Amino acid sequence: MAGRERGRILVVTNSPVRVRIAPSPTGMFHVGNARSLLLNWMVARQSGGTLVLRIEDTDAARSRPEWNQGILDAMAWLGVGAEEYEGPYFQTEYAHHHQEAVEKLLAEEKAYFCDCTREQLAERNGDSRLGYDGFCRERGLERAPGRAVRFRTADEGETVVTDIVRGTPTFQNSTIEDFVIARGDGSSVFLLANVVDDMTMGIDLVIRAEEHLSNTPKQQMLWEALGKPVPQWAHAPILVNEQRRKLSKRRDRVALEDFRDEGYLPEAMRNYLMLLGWAPANNREIVPWSDMEVEFRLEDVNPAPAFFDVKKLRAFNGEYIRALPLTDFIAACQPWLTGDRAPWPSTSYDAAAFAEVAELAQTRITLLSEIVQNVDFLFLDEPVDDQQAWGKAMKEGAAELLKDVTVSFESVAWEAGALKAELERISAARGLKLGKAQAPVRVAVTGRTVGLPLFESLAVLGRERTLARLGAALSRLG
């Protein structure tokens with residue numbers, strides 16, 4: 001294939017390539033999978049090539065049908081809808097190809113049967129952690145139930161992996177054991193199935209996470225033994241947490257669906273994930289996908305581990321929220337205002353009232369889910385009961401202040417400027433700064449110490465509801 005030299009490795013970017021994303025339906029879609037998906041999608045689009053979706057569903061004990069749909073939904077949320085990929089293909093449907101490959105390797109004596117148990121291996125080695133010792137290599141075992149098939153690796157020399165991101169990692173063949181390619185029940189293991197599927201689907205560039213690098217010399221041996229040209233490899237850096245430990249679904253927040261449901265925008269997630277290991281020119285961070293398609297080069301990806309910083313992702317999301325056209329922002333907030341996530345009945349939602357405060361809210365939130373705490377005072381019958389907020393605001397003198405405000409607000413012109421001027425007058429008469437005077441009013445009306453600008457909020461809430469809440473606060477204060 002045609003290519004061009006950039007840095008260490010020849011990268012195919014000016015001719016169509018076939019790349020793939022191969023998640024397993026054993027849980028929610030990991031942000032590491034999402035980053036691999038975006039890298040593959042990017043290169044496919046840049047080259048005019050094809051992204052193949054293969055769902056590796058051979059782990060019957062852990063695979064669940066609903067996770068298949070979860071993969072498709074997560075991809076679609078990121079912008080990789082069905083029109084962007086070929087498939088989905090399911091690995092279990094290719095089992096006959098896997099078996100054919102095993103039989104070919106057996107016929108050519110590149111693989112052999114083995115009946116060793118783990119206990120026997122540990123007894124011979126004196127340590128269960130040591131690799132396979134080649135005991136069955138020359139025993140000439142025939143096919144029989146329970147006998148696995150092992151690939152015969154070279155005893156000498158080295159295997160050099162040509163990697164677009166990592167250069168030329170080199171592995172001594174003497175350190176690579178004769179590995180299993182088919183289990184005792186005849187089913188193929190991941191190493192072989194993955195290779196055969198890539199061959200069958202015409203994959204010529206494999207972009208995946210660094211954790212698979214250790215598998216690569218074995219898989220490269222299989223490609224060569226099966227007589228197929230080895231694909232180009234590119235192993236992106238692993239994602240780590242703030243302790244610089246590899247992200248773990250047991251320990252860290254890694255499910256893409258959780259970020260989606262919390263109110264992250266797909267554009268922000270795409271932008272942030274693409275910057276984990278790659279940097280656009282001029283230290284830019286907020287970069288549209290269309291600009292990345294022009295600028296991104298796979299060979300420029302840094303192999304060092306990349307810190308998945310949720311705080312920074314959140315800041316990115318805030319930038320993207322603020323950049324939305326107001327109508328798009330209002331639409332994006334609807335699942336939290338009108339759906340099952342809303343803490344009020346659908347009949348309580350007032351679209352016109354939200355439209356009046358939406359622009360104020362848009363500048364203050366970094367997650368779409370935060371819209372609720374900013375506007376719930378408009379749609380709940382009573383303000384939220386936050387004991388800490390109440391205790392902080394309702395100190396000595398609060399009752400007298402609220403009495404004065406209540407009397408004044410009964411007749412003041414009901415618009416933000418007039419409401420502010422009236423509270424300024426009351427606070428000045430009591431020797432208070434406006435901020436001090438606002439606190440008990442805000443908590444009485446909204447239940448919170450922070451939120452949207454107070455006077456604009458009161459204007460939208462209306463005189464009747466505001467006075468009722470001030471009265472309720474006074475009754476509570478006794």
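These notebook entries record what I looked up in a predicted model.

**Conventions.** I number residues from 1 along each chain as its sequence is written, and my side-chain values use heavy atoms, with hydrogens and water left out. Because the model is predicted, local features need pLDDT of at least 70 and side-chain atom pairs count only at pLDDT 80 or more, while totals for chains, interfaces and linings use all residues.

**Overall form.** I count 19 helices and 14 strands in the chain (DSSP runs numbered from the N terminus: H or I of at least four residues for helices, E of at least two for strands). The radius of gyration is 31 Å, well over the 23 Å of the globule rule for 478 residues, so the chain is more spread out than a compact globule (taken over C-alpha atoms; the rule is 2.2 Å times the number of residues to the power 0.38). I find that the C-alpha trace spans about 100 × 50 × 35 Å along its principal axes.

**Helix 17 and helix 19.** I looked up the axes of helix 17 (residues 434–446) and helix 19 (residues 463–477), which come within 8 Å and cross at roughly 105° (lines fitted to C-alpha atoms over the stretch in contact, with angles from 0 to 180 degrees between N-to-C directions). Helix 17 is therefore roughly perpendicular to helix 19 (65 to 115 degrees; under 35 is roughly parallel, over 145 roughly antiparallel and the rest oblique). V441, A444 and V445 of helix 17 make the contact with T466, R469, L470 and A473 of helix 19 (heavy atoms within 4.5 Å).

**Helix 11 and helix 13.** I note that the axes of helix 11 (residues 326–338) and helix 13 (residues 371–379) come within 11 Å and cross at roughly 80°. These two helices are therefore also roughly perpendicular to each other. The contact joins F329, C333, W336 and L337 of helix 11 to I371, V372 and V375 of helix 13.

**Charges over rings.** I find the charged end of R341 over the ring of W336, 4.4 Å from its centre (NZ of Lys or CZ of Arg within 6 Å of the ring centre and within 35 degrees of the ring normal). R244 lies over the face of F307, at 4.5 Å from the ring centre.

**Backbone.** Most residues other than glycine have a negative phi, and most peptide bonds are trans. I record a positive phi of about 65° for R244, which is not a glycine; R244 is in the loop between strand 13 (239–240) and helix 7 (256–262). The peptide bond from G87 to P88 is cis, with omega near 10°, and P88 is in strand 5 (residues 86–90).
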